[in-house]
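Let's walk through this model together, one region at a time. Please keep the sequence and the 3D view open side by side as you read.

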Amino acid sequence: MTVDPNAATQGFPSPEPVRPRAGAARYLVPALVAAAVAVALGVYGRVHDPAGTAFNIAGFSSTSAVKSWLATTAFFFALVQLVSALMVYGKLPGPRWASKLHRWSGRIAFLVAVPVAVHCLYALGYQTYETRVLWHSILGCFFFGVFSAKMLLLRSERLPGWLLPLVGGLVFTALTLIWLTSALWFFRTFGVTT
């Protein structure tokens, strides 16, 4: 049998282009970074000698009051994040600018949470003397770890539709539990003070 190299080949379908498969690294790297951030914060908080205080703002009765109000502000913006995410994903009706609201409320929540975390780690360290404080320490480290993973995943392409809401839900849940074990506890124990 002979083959004519000049014969037309229009009758054959073109092969499908080879698309790179989503490698495990796309998910593994953010998970490893999350674990590394959480463990590093926990180790630092545990081995660091607590300084007792890191900052205070005039007009507040104590550093704990400052932290409680900053944490409450972060929690408020986390609630805005939740509602705006539901709008972005079409679960709630919302304005066209819901995605901008989601991004900016997240930025503000994070920026307000950072001084609280810095104070917790620098001034208090990783504490375990009672159950509430232990959970607060664990959740604080977890929050910044999972937040790091979310930021890395935001830049990934072709993620499964469920992944970003899952990780965002973990961030929200962690921040909520942190607020419950710190600011709400403070307000219930010492009253709503400034």
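W135 counts as partly exposed, at 47% relative accessibility; partly exposed is the range between buried, under 20% relative accessible area, and exposed, over 50% (1.4 Å probe, protein chains only). You will find W135 in helix α4, where helices are DSSP runs of H or I with at least four residues, strands are runs of E with at least two, and both are numbered from the N terminus. Across from W135 sits L177: the two are 42 residues apart in sequence, with their C-alpha atoms 8.7 Å apart in space.

Before we go further, a word on what you are looking at. This is a predicted model, in which local features need pLDDT of at least 70 and side-chain atom pairs count only at pLDDT 80 or more, while totals for chains, interfaces and linings use all residues. Residues are numbered from 1 along each chain as its sequence is written, and side-chain values use heavy atoms, with hydrogens and water left out.

Now step back to the whole chain. The protein chain has 6 helices and 0 strands, so reading from the N terminus its elements run α-α-α-α-α-α. Of its 194 residues, 32% count as buried. The chain exposes about 12600 Å², and 68% of that comes from carbon and sulfur atoms; accessible areas come from the Shrake-Rupley method with a 1.4 Å probe, and for residues only the protein chains shown count as cover. Contact here means heavy atoms within 4.5 Å. Among the contacts in the protein chain with a separation of 6 or more, 73% join residues 24 or more positions apart.

Let's return to α4 and look at its partner. Helices α4 (131–154) and α5 (163–180) pack at an angle of about 155°, with their axes 9 Å apart. The axes are lines fitted to C-alpha atoms, for helices over the stretch in contact, and the angles run from 0 to 180 degrees between N-to-C directions. α4 and α5 are therefore roughly antiparallel to each other; angles under 35 degrees count as roughly parallel, over 145 as roughly antiparallel, 65 to 115 as roughly perpendicular and the rest as oblique. α4 passes α5 in a left-handed crossing, a term for the near helix being turned anticlockwise from the far one by less than a right angle, with clockwise giving right-handed. On the α4 side, the contact includes H136, F142, F143 and F147, and on the α5 side it includes L164, V167, V171 and I178. By class, the residues of this contact divide into 16 nonpolar, 3 polar and 1 charged. Ala, Val, Leu, Ile, Met, Phe, Trp, Tyr, Cys and Pro count as nonpolar, Asp, Glu, Lys and Arg as charged, and the others, Gly among them, as polar.

Next, move to α2 and its two partners. The axes of α2 and helix α3 (residues 98–124) come within 8 Å and cross at roughly 155°. α2 and α3 are therefore roughly antiparallel to each other, and their crossing is left-handed. The residues of this contact divide into 19 nonpolar, 9 polar and 2 charged. L101 is partly exposed, with a relative accessible area of 31%. Leaving aside neighbours within four places in sequence, L101 is in contact with V80 and S84. L101 and V80 are 21 residues apart in sequence, and 8.0 Å separates their C-alpha atoms.

The other partner is α6. The axes of helix α2 (residues 63–88) and helix α6 (residues 183–190) come within 9 Å and cross at roughly 130°. α2 and α6 are therefore oblique to each other, with a left-handed crossing. Here S64, A65, S68, W69, A71 and T72 in α2 meet A183, F186 and F187 in α6. By class, this contact has 6 nonpolar, 3 polar and no charged residues.

Finally, follow the chain past α6 to T194, in the segment after that helix. Not counting residues up to four places away in sequence, T194 touches G59, F60, S61, A65 and W69. T194 and G59 are 135 residues apart in sequence, yet their C-alpha atoms are 7.0 Å apart in space.
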